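Subject: Handover of a structure, with notes

Dear colleague,

I am passing the structure below on to you, and some notes on what was found in it follow.

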Amino acid sequence: MSRLIVKPKERDKEGKILEVTPENAGWKYVGFEVYSLKQGETLSKQTGDKEACIVLLSGRADVKTDKKAFENIGKRMSVFEGTPAYSVYVPNDDQYEINAQTDLEVAVCLAPGKGSYEARLITPEDVGVEARGYGHMSRTVHNILPESESADSLLVVEVYTPDGNTSSYPPHKHDQDNLPHESYLEETYYHEINPQQGFVFQRVYNDDRSLDETMAVEHRNVVLVPEGYHPVSSVPGYSSYYLNVMAGPVRTWKFYNDPDHEWLFKNVMQTK
């Protein structure tokens, strides 16, 4: 199995099924967790030196922090309903408690915090929805925590790719701290597939091909992108959802396109 794939495990005592840390990923900024909670279960965590974006993948919950409480949030029962998620931003040196009002799938996106912002609810109405690409490169993007919204490090986005289409395409990368031309951002892709027995293909490669992996990615797999270009292809019959988490030394997304494929852009100005 590729070192870039993290597969889900059986629920632990907290309900955790996936975990990416800077230590096990071999990088500095991005952490990512997924919890599968049964109705009535509670998850309590301290944020420590990390800020968190709690994304309700499916189900409803009450979420409390030290100073805020958000009751009965969440609406969709599957990410493939296609509606934007309810999310909660929690700063570092805080804590959160999640009480599952229904069976609940929740992602916790993590990156270094500076204490600049208070906890807040991000409702579906707060999420910018946009269509990107054209033809077989078309997809729908939900901007949960984009650069234009307040956070210290985190950038968080959901992407829906119809079966047979390719996204994060034409290929681009963001692995150089070379602003204003390119920013350094580590990235995770959390994948869900519909129907669940399907798969997508994801390639992660750099210019000199010292990194060049093409992976068959299954339901609930996480793909690590420490560097390089990283397109995703959804195979016929199976639609793709992924949740991206990015973070780096500067909170800005400036990408560099693979010159070999830049001709594909035509009228496309964004590539996520």
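Is Lys16 buried or exposed? Lys16 is buried, because its relative accessible area is 13%, where buried means under 20%, exposed over 50% and partly exposed in between, with a 1.4 Å probe and protein chains only.

Please keep in mind that this is a predicted model, in which local features need pLDDT of at least 70 and side-chain atom pairs count only at pLDDT 80 or more, while totals for chains, interfaces and linings use all residues. Residues are numbered from 1 along each chain as its sequence is written, and side-chain values use heavy atoms, with hydrogens and water left out.

Lys16 lies in strand β2 (residues 16-20); strands (E, at least two residues) are DSSP runs, numbered from the N terminus. Leaving aside residues up to four places away in sequence, Lys16 touches Glu10, Arg11, Glu33, Val34 and Tyr35, contact being heavy atoms within 4.5 Å.

Strand β10 (residues 104-112) is mostly covered, with eight of its nine residues buried. It pairs with strand β5 (residues 50-58) in the antiparallel sense over eight bridges, pairing requiring at least two bridges found by DSSP, and Glu51 stands opposite Ala111 there. Strand β3 (residues 31-37) also runs antiparallel to β10, joined by seven bridges, and Ser36 faces Glu105 across them.

Elsewhere, an open sheet of seven strands, paired antiparallel, has the order β1-β22-β19-β24-β14-β13-β12. Its edge strands, each pairing on one side only, are β1 (5-6) and β12 (128-132).

Best regards

Technical notes. Helix = DSSP H or I, 4+ residues; strand = E, 2+ residues; numbered from the N terminus.
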